[in-house]
Amino acid sequence: MTAEDSERAAVAGPQGPAGVPGARKAPDAPRTPAAPDSQDERDELERLRAEVRELRAQARQQDGEPAQAQARARRGRWRTPVAAVAIAVGCVLAPVSVLGVWAANQVSNTDRYVANMAPLIHDPAIQHALSTRIADEITSQIDVQALVTQASGQLAGDRLPRVSALLRNFSGPIASAVDGLIGTTVSQAVASPAMAVVWVQANRAAHAGIVRVLSGEGNGSLTVVNGEVVLNLGPLITQVKEQLVARGLTIADNIPAVNPTFPLFAAPNLSKAQTGYRLLLTLKWVLPFLSLALLAAGVWVGRNRRRWLIGAALGLAGSMLVLAVALLIARAVYLNSVPQTVLPSDAATVLYDTLVRFIRDGLRVLLVVGLVVAAGAFLTGPSAAAVGMRRAVRNGIGWLRERGARRGLRAGPAGAWTAAHIRLLRIAAVGVAVLVFVFWGQPTAVFVIVLVLLLLVVLGIIELVGGGLRPAATASG
C-alpha cells in the first residue's frame, strides 16, 4: 500500500464487510466447539461423559443412603428385643430341663437309680446310721433280760440254786455283752460286701416303689410315712440275722419277720411333688429341645449373630451357676428340716449330696459347654485379640512345620490333599466331636474338656499337614 492509499483509507474511515465506507464490523457469531477430528478423540469424550454420569449417580445414591439406612433400622427394631427375650427364656428353661431329665431318669431308668443309690452303703456315716437302726430293731426283738430270768428259773427248778442265783446276779452284764455282740456283728455285716449286694438288690426292688409313690399308684418297698420317704429294711435285717446265727447267737433265729423303715428324705408336699413329677415326666423331652430351639432362634434373629451366640452361651453357663446356687440353698433347707433323732446330720448330708450328684454332673457339663461355645465364637471372630491369637497359633504351627521340613519330614501327597479339603476336614472334625458328645451315655465335665482338647489337637494336625500349602489369600485373617 502506497502513501496515497493510506491517506485515502484514513479519510474514508472504517469500512463494512462489503467495503462500504463508514459501515461498522458485525459482531462475531458464537463459536461452537469444534467436532473431534479423530475416532480416538470421540471415544475419549464418550468415556468422560460416562464417568460424569456414574459420579452423578453415586452422589445421588449417597444422598439417599441415610434415609434408606434409617428405614431399615426402623423395620429391624423388633429383632433385638425378640432375640433377647428368646435367649432369656431359653436360659430360664435350661435349669428346669436339667431337673426334669434328672427326675425322669431317676424313675424311668432303674440302672440309673441304682447307680445313684449304690455308693451310699459304702459311706461310713450311712453305715453307722444303718447299723444303729438295725441293732436297735434286733435288740428290741430280743429281750435278753427276760431270757436270763427265764433261764435262772429253769435252773432253780432243776435244783441248781447257786447257778440260778449267779445267773440272776449277772443278768445285767450278760445283757450288755449280748447287746455289744449284736452291735459289733451288725456293724461288720453292714460294712461287708454281702450287705452291699443286699443294698443294691433292695434299692432295685424299691425302684418300683418310687414310681408308685410319685405317680400315686400305691405303696412299695419305698413308702411315705408321716411325710417322709422311707426305705424298708426287712431284707437287710434278714441278712444280719443270718450272720448272727452263724456266729453262735442262735436266739437271733427267733426274731420274727419285721419291716422297719429307714428315712431317706422328707416329703411334706408330696402331692405337689407328684403333680410336678408328672408334668416333668411329660415334658422331659420337650423342655430340652424347646430351650435349645429358643437359644438358636435368638441367635438367628439377632443382628450380629456371633455376639448373640456368645451371649446365649454365657447365659446358658450363668443359668447353670444359678441352678448350683439353688441346690446349695435347698441343701441347707433340707439339713435344717431333718431332726437328729430321725437321721444324723452327717448321714443326711451324704444322702442329699448323693441324690443330687447327677444334677450337679449335668449342670457342670452344660456350664463347660456354654463356656466352650462362647470361647469358640469369640476366637473365630474379627476382634483384634481373636485375630492375634489365631495368628500366633498359625505361626507356632508354621514353626513346627519348618522344623519338620528341615529334618526331612514332608506331608507329600497327603498334605496336598489336606490343603485342598482343609475346610471340609475342619467341619468334619467339629461335627464328629458334636456327635460324640450328643450320643455319649453320661458325659461329664471332664469328658467335655478332654473332648475339646482332642478336637483342638485334630484341628492342629489338619493345619500342620495342609496349612502350609494353602494360597496366601485363604490363609489370611
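## Overall composition

The chain contains 20 helices and 3 strands. The structure described here is a predicted model. Of its 477 residues, 30% count as buried. When contacts between residues at least 6 apart in sequence are considered, 76% of them join residues at least 24 apart.

## Packing of helices α5 and α14

Helix α5 spans residues 124–141, and helix α14 spans residues 345–355. Their axes lie 8 Å apart, and the two helices pack at an angle of about 120 degrees. Angles from 65 to 115 degrees count as roughly perpendicular and those over 145 as roughly antiparallel; α5 and α14 are therefore oblique to each other. Their crossing is left-handed.

On the α5 side, the contact is made by Ala 125, Ile 126 and Ala 129. Helix α14 contributes Asp 346, Ala 347, Val 350 and Leu 351. By class, the contact of α5 with α14 comprises 6 nonpolar residues and 1 charged residue, with no polar residues.

## Gln 127 in helix α5

Helix α5 also holds Gln 127. This residue has a relative accessible area of 18%. Because buried means under 20% relative accessible area, Gln 127 is classed as buried.

The side chain of Gln 127 reaches the backbone oxygen of Ile 121 at a distance of 2.8 Å. Leaving aside residues up to four places away in sequence, Gln 127 touches Ile 121, His 122, Val 190 and Ala 191.

## Packing of helices α13 and α15

Helix α13 covers residues 305–337, and helix α15 covers residues 357–379. The axes of α13 and α15 come within 8 Å and cross at roughly 160 degrees. Since angles over 145 degrees count as roughly antiparallel, α13 and α15 are described as roughly antiparallel to each other.

The crossing of α13 and α15 is left-handed. The residues of this contact divide into 21 nonpolar, 1 polar and 3 charged.

## Two arginines of helix α15

Arg 360 is placed in helix α15. With a relative accessibility of 18%, Arg 360 counts as buried. Apart from residues up to four places away in sequence, Arg 360 touches Leu 327, Leu 328, Arg 331, Tyr 352 and Asp 353.

Arg 364 is likewise found in helix α15. Its relative accessible area is 41%, and Arg 364 is therefore partly exposed. Along the chain, Arg 364 and Val 446 are 82 residues apart, while their C-alpha atoms are separated by 9.1 Å.

## Glu 402 in helix α16

Helix α16, which runs over residues 384–406, includes Glu 402. Partly exposed residues fall between the 20% limit for buried and the 50% limit for exposed; at 48% relative accessibility, Glu 402 therefore counts as partly exposed.

Glu 402 and Leu 464 are 62 residues apart along the chain. The separation between the C-alpha atoms of Glu 402 and Leu 464 is 10.0 Å.

How values were computed: Residues numbered from 1 in each chain as written. Predicted model: local features only at pLDDT ≥ 70, side-chain atom pairs only at ≥ 80, totals over all residues. Heavy atoms only, no water. Axes fitted to C-alpha atoms, helices over the stretch in contact; angles between N-to-C directions. Helix = DSSP H or I, 4+ residues; strand = E, 2+ residues; numbered from the N terminus. Parallel < 35°, antiparallel > 145°, perpendicular 65-115°, else oblique. Left-handed = near helix turned anticlockwise from the far one by under 90°. Contact = heavy atoms within 4.5 Å. Nonpolar A, V, L, I, M, F, W, Y, C, P; charged D, E, K, R; others polar. Buried < 20%, exposed > 50% of the residue type's maximum accessible area, 1.4 Å probe, protein only. Polar contact = N/O pair within 3.5 Å; in protein donor to acceptor, adjacent residues only side chain to side chain.
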